[in-house]
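I opened this notebook to record what I looked up in one model. The sequence and coordinates come before the entries.

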Amino acid sequence: MAKINNNFWKNKKVFITGHTGFKGSWLTLILHSLGAKIVGYALNPISKPNFFDNLNLSKYLIKDYRQDINNFKKLNNAIKNFNPSIVFHLAAQSSVLVSYQKPRETVEANVIGTTNLLESMKKTKSIKSAIIVTTDKVYLNQEKKKKFKEDSKLGGYDIYSSSKAACDIITESYIKSFFSKSNCGIAIVRSGNCIGGGDWTKDRIVKDCAESFIKNEKLIIRSPNATRPWQHVLDPLFGYLKLSQKLFNNNRYNGAWNFGPNKKNNLKVKQLVLIGKKIFNSMSKIVLKKKKYYESENLALDSSKAKKLLNWQTEFKDREALNMTFNWYKNFYKTKDKKLLLKLSFDQIKNFKLRHKI
């Protein structure tokens, strides 16, 4: 991967939406390790336990806003008061299954929330670079087992996917309508299924594995043969950082980017489960449950654009990513020691940086 410039991030003012979530928590730790000045804007974490509050990550922020991104006035005031130079937009309703249960709330968070951010960015001249995080599920998936490129047709069977596709389209429209001649570069990024320590989002397979295997309880899985582009969360996040550097005062990098793993990382759900069971040395019984809602079976990204223009590719192979992730959870359930977990998290970031000479 192309090198991250430490000097670039030193004292940079960075505004993160969704900082209390899984990806947002890891991004907060990475940016702190690079010396950035960070403000976060998000709702309280949706789960207990959770990565952000359990490890007291707010101490790495200048300001920790716990507000709804649908409240334009409060969001705009937070951005105006900070005058950031870089924005990372991660705030979202991020669950496919929840989107079936709460369709309106999903659309409000993912579509209106993103529009509010873009409107505020129009008014803030200090912003030079923005990363809008969507998902690999924005593509119209007709189960043809093909890899999706950035210009593949967008769509969505479920409300989550369609709301994120709408977010993509709206962002592209804002770029063309309001930012094409500005000093602010804006990119839309789509990554694979991110795994890593600290994700307690409901219905996440890795979290479900860890909770069941540590107690030797039965594990219920819905789609054993579904393949996903699994990748450790550090891989795409460092890709976003590199892209953000490139965007700074250079809108040639505007538009959509895939940050997915190579196809060898596309394990089936049942393969991932068996790897986790072995790591935990668990006696848990695996139980199959019929799916209540539609979920895609095959999903893979073509990230050749990021490889060619950013020299980016995934660092961690599937089993190494799973080992890092499951070992994080093992430490959590065995010790509950915040300092140990924080050190483990920073050590994983440090290891990544050493491998890339950052």
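Which residues lie nearest the centre of the second largest pocket? I found that they are G260, P261, N262, K307 and Q313, in a lining of 14 residues.

I note the basis of the entries here. This is a predicted model, in which local features need pLDDT of at least 70 and side-chain atom pairs count only at pLDDT 80 or more, whereas totals for chains, interfaces and linings use all residues. Residues are numbered from 1 along each chain as its sequence is written, and side-chain values use heavy atoms, with hydrogens and water left out.

**Pocket.** I looked up the volume of the second largest pocket and noted about 230 Å³. A pocket is an open set of points on a 1 Å grid over the protein atoms alone, where a 1.4 Å probe fits, with protein on both sides within 12 Å along at least five of seven lines; lining residues have an atom within 4 Å of a point. The volume is the space filled by probe spheres set on the points, which are joined across faces, edges and corners. I recorded three nonpolar, six polar and five charged residues in the lining. Asp, Glu, Lys and Arg count as charged; Ala, Val, Leu, Ile, Met, Phe, Trp, Tyr, Cys and Pro count as nonpolar; the others, Gly among them, count as polar.

**Backbone.** The bond joining K48 and P49 is cis, with omega about 0 degrees. P49 belongs to the loop between strand 2 (37-42) and helix 3 (51-54); helices (H or I, at least four residues) and strands (E, at least two) are DSSP runs numbered from the N terminus. N11, not a glycine, has a positive phi of about 65 degrees and sits in the loop between helix 1 (6-9) and strand 1 (13-17). K357, in the segment after helix 13 (338-355), has a positive phi near 55 degrees.

**Exposure.** I then checked relative accessible area, where buried means under 20%, exposed over 50% and partly exposed in between (1.4 Å probe, protein chains only). N11 is partly exposed at 44%, and K357 is exposed at 68%. L272, in helix 10 (residues 269-280), is buried at 0%. I listed its contacts (heavy atoms within 4.5 Å): L272 touches I205, V206, C209, W230, L322 and F326, not counting residues up to four places away in sequence.
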